[in-house]
Amino acid sequence: MGRLARAGLYAGALIGPFGGAITTSILPEIGHTYGRSPGAAAATLTYYLVPFAVLMLVSGTLAQRWGPQRTVRIAYVAYALASALAATSWTFEVLLASRALQGAANSFTTPVLLAVIAASTPKEKLGRALGLFGSMQAAGQTSAPLVGGLAAEANWRLAFVVISVVAVALAILGVPDTDTEPERDASLRSAFVPSTLRPALIAFIGWACLGGLSFLVAFRLDDVFGLGAGERGVLLTGFGIVGFLTARQVGRAIDRYGATTTVVVGATLGGGLIAAVGVSPVAAMVVIAWALTGAAAQGVLVSINALVLQSDNANRGGSVSVVQSLRFMGAAAAPLAFVPLYQSHPLLGFLVPAALLITVPAIVTWSGRAAGNRRTPQPEAPPPPR
């Protein structure tokens, strides 16, 4: 059961992003079922992401109090029930409610799984373990539109049936035992400390300016190159595929060079690639640059998780949940921030996030080092001998 639980630990990384993105490719079919437009059906994405991101601010700390095994099993059962409700939803409002419940349940899985990985992995191998976790998350996000589309060929509800069955299997597997007792007195405030908030800010900016820009890439492929919806969908998957293929290499780089180095390299590389997406005159160059951005995104996100989980904060589960919450809030904020820039001038929609990626992570990392230096008292020089 130990090996199966370890396998379930990484499989759990897949189901959260998979469940979140499962409706991306089947919005027309969902809308047709309930007499709604595809635009109205897109609310199924919002109703999942909002409770997911908001509750994750506190879910890691609450899991510290309850214990990871119990928390994850309850969350998976709740996820399975919410997915079953989505599969049988008789009105659009019921579907939206089930999506909100899915998001709420998933907020209690991802940060707990990351904390368990940190507690059960030797520190010198943590980067590789987090890289594997990141690759599974990328696989879930990338495969969800494909699986949802294939299910919709028969009936879109089958996609939620699959999720429900998988969640039940994961609940049975649970997570590996870390031999750590629940911390009944873990406080919510203990997660909101500078060593957490600085990486959380980088996660917010990083995901807003990397993964959160997929809609702008789609706009450019349509406006400049005239590609259809099917072509755009296929080409955009390169981001997730490259992210899946490179996440474990990012983890190895973290173990060798340190998370601070890899997050700065990932952000700087991502800034250059996003600028290339915005200025490249050939569609193939845009697609290649966007695909490579998936590697840069893993360089930022896996490194941020490592920075938090390698810290001395006792409430690591709470800290990583805050970071993950800010990551998805960044994705939610990206359209609000960058669509007006794109409408003002398409180039601004890409150059502004590129500039943020190049400058802000390095500044925040430097400020963290400066704060650490201020907190560390310097030993006094010994008095001269008499």
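**A guided tour of the helices and the core**

Helices α10 and α15 are roughly antiparallel to each other, a term for angles over 145 degrees. This is a predicted model, in which local features need pLDDT of at least 70, side-chain atom pairs count only at pLDDT 80 or more, and totals for chains, interfaces and linings use all residues. Residues are numbered from 1 along each chain as its sequence is written, and side-chain values use heavy atoms, with hydrogens and water left out.

**First stop: α10 and α15**

Select residues 194–209 for α10 and residues 283–309 for α15. The two helices pack at an angle of about 165 degrees, and their axes lie 10 Å apart (axes are lines fitted to C-alpha atoms over the stretch in contact, with angles from 0 to 180 degrees between N-to-C directions). Their crossing is left-handed, meaning that the near helix is turned anticlockwise from the far one by less than a right angle. Next, display the side of α10 formed by P199, I202, A203, G206 and W207, which meets A297, V300, L301, I304 and V308 of α15; contact here means heavy atoms within 4.5 Å. Nine residues of this contact are nonpolar, one is polar and none is charged.

**Second stop: α7 and α8**

Move to residues 110–120, helix α7, and residues 126–152, helix α8. Their axes come within 10 Å and cross at roughly 155 degrees, which makes α7 roughly antiparallel to α8. The crossing of α7 and α8 is right-handed. On α7, pick T110, L113, L114, I117 and A118; they face L126, A129, L130, F133 and Q137 of α8. This contact contains eight nonpolar, two polar and no charged residues.

Which residues touch the most other members of the largest nonpolar core? Select I30, I117, L130, W156 and I274, out of 95 residues in that core. A nonpolar core joins buried Ala, Val, Leu, Ile, Met, Phe, Trp, Tyr and Cys residues through side-chain atoms within 4.5 Å. The largest share of this core, 12 residues, is supplied by α15.

Now centre the view on W156. Leaving aside residues up to four places away in sequence, W156 touches I26, E29, I30, T33, Y34, A86, S89, L95 and A151.

**Last stop: the whole protein**

Zoom out to see 17 helices and zero strands (DSSP runs of at least four residues for helices and at least two for strands). Of the 386 residues, 51% are buried, that is, under 20% relative accessible area with a 1.4 Å probe. Among contacts with a separation of 6 or more, 85% join residues 24 or more positions apart.

Notes: Parallel < 35°, antiparallel > 145°, perpendicular 65-115°, else oblique. Nonpolar A, V, L, I, M, F, W, Y, C, P; charged D, E, K, R; others polar. Buried < 20%, exposed > 50% of the residue type's maximum accessible area, 1.4 Å probe, protein only.
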